[in-house]
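Reader: Could we go through this model together? I would like to begin with how the chains meet.
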Amino acid sequence: MLSVGFFIVLLTTRIFNIAYGTMALLFGYIMWMLSNNTSTLVPIAIIIGLSLIFSFLLLPIFKNLPEPVEPNSIIVTFAILLVMEAILTYLFSSDWRIITLNPNYDAPIANNIAVSRLNAFFSLFSVIFISTIYLIAKKTRIGLIFKACIDNESAAKRFGIPVDLVSNIAFIFGTMAMAIAGAVYGMTNYLYPASGIKLTMIAITVTIIAGESIIGILLGGILLGIIESFSGYFLGGNWQDLGVNLLIIVFLIAKESR
Amino acid sequence: MKLLQIVTKQELKSSLIAIPVFTLILINGSGYLLTAASYGFLIAILSFGWNLTALTGEISLGHAGFFGIGAYVAVISGISGINSVLSVFIGALAAGVYGAITSLSFYRLSGVGFALASIAFSQIPKIVAENLSITGAGSGIVNIKPLFIIKSINTPLREYIMGASLLIILLIFTAFAGKKIWLKLSAIRQNRIAAEALGIATIRYKQINMLISSFIFGFVGALWTYWIGYINPDTAFDLYFSTAPLIGALFGGRNSLIGPIIGALILYLSDSAISMIFPVGHKAVYGLAILVTIMALRGGIFKAKKAII
């Protein structure tokens, strides 16, 4: 979900969002605040609702970036990262937080399966979300419109496609995916303000590996997981991030050499 | 006259205001004010160094890696018995070598690719520092002796080192002012392919710039660690040392020589003032400064239609 959101926004808006992980983390913290809620639907509805508001707040900034958009988007999102990290530190301190789930939702979905009900719910939601995006992209006319905007923006405009509207919708979907990913991350990992950059690196790595396909994202995610596990197993847990960083470098160089 | 070819009149006017102000602070200041001015000089040198890479059109987000390498190598050299002044240069050299390796590895990359690779490359020395016993692992190294111990003179000498370093670096670079190299760098930045067609060795210039830039970062990193007296991976490789120079350069104008220095000094002092009110969230000031610079003052403060200063 994390990489899908990053990928959608990058493809349709050319925005390389360095603050992506920190934005996801914000929703992890919101999930942490909502974790004592008695209903499953309430947290997810709030997360989706807030992600919509969040995307409407960000759109005016991202839509008015001066050319060249890609390098400027890196600098601006870096700025947003700093501001958000400071706000998160101010609101939640630098302490590590872990979500303690309501016992009802923390209960495993079945005997001998260590997956909580809420986690299973979010995971299922993620699978449905990604599958829907995939089907829309591959099987519908809307997917073709999106592809036209990505391939040649000016030509798409000349054919009467509302390019701005399409990229706005893509941005909102990307932000929604990020919010859900952040909430799921918050339920299984420790939260602290500086950990956002790690999430960004995961999204970037998977996107670089994926090339330009949603299936590639799934495969990239799996490859990343394998490399993390292997570097952790052979070199020790503290060296896990080394594998991720080397993977980014190797893929970037290989991609540029083609 | 040569200096005027790369420094605008507005920049010179601002320098004429800023330099006496900082000199007065250093002469008469004490305590927090003096320390803030010295840190301002530190960030100004880093902004200048970062801008050398930006002059070829590349945006690096990983210069903190060079800063950290310089700091660690200097301290480890110092602990192993090498003269502490010499160890500063060894640290700087190590950072320069790593910069050269970075540049050699990523010579094909530009724009977003280069920016991302620079972040990833800067994380590697941090991970290494977090895991080796010689670097003190995650806890780092404490009780580092200061660079100069002058007990007989009651002068905070360390506070002046940064100012002196900035002055020396500026003098060295103004010696090259007006030379063809600046035109070549400008050509590479504006249109790399056209520059190559004109016979400019773009890759070589990028590599040399990166080497000098990383050397400066390593040098400042080494001075910094002797200044504060301790080092650990989180502080030495702090993202702040990548972002603060970047913001200073953007704020002052990244296509000029003096602009980044003035931009960094103004921003750092503002940040220091705000950190007294909001000790936790003062880094947000830097973030907001970038946002304003990119969205409103697109060429930095000196290029803005209505100059701030």
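Author: Buried area is the accessible area (1.4 Å probe) that two parts lose on being put together, summed over both. This is a predicted model, in which local features need pLDDT of at least 70, side-chain atom pairs count only at pLDDT 80 or more, and totals for chains, interfaces and linings use all residues. Residues are numbered from 1 along each chain as its sequence is written, and side-chain values use heavy atoms, with hydrogens and water left out.

Reader: How much area do chain B and chain A bury between them?
Author: About 3,300 Å², with 85% of it on carbon and sulfur atoms. V112(B), L116(B) and I127(B) supply 17% of the area that chain B buries against chain A, more than any other three residues.

Reader: How many salt bridges are there between chain B and chain A?
Author: The count is 0, a salt bridge being a side-chain nitrogen of Lys or Arg within 4 Å of a carboxyl oxygen of Asp or Glu.

Reader: Turning to chain B, which residues of α5(B) and α6(B) meet?
Author: Y98(B), I101(B), T102(B) and S105(B) in α5(B) are in contact with F121(B), I124(B) and P125(B) in α6(B); contact means heavy atoms within 4.5 Å. Helices here are DSSP runs (H or I, at least four residues), numbered from the N terminus.

Reader: What classes of residue make up that contact?
Author: The contact of α5(B) with α6(B) has 5 nonpolar, 2 polar and no charged residues. Ala, Val, Leu, Ile, Met, Phe, Trp, Tyr, Cys and Pro count as nonpolar, Asp, Glu, Lys and Arg as charged, and the others, Gly among them, as polar.

Technical notes
Chains are lettered from A and ligands numbered from 1 in the order in which they are written. Helices (H or I, at least four residues) and strands (E, at least two) are DSSP runs, numbered from the N terminus.
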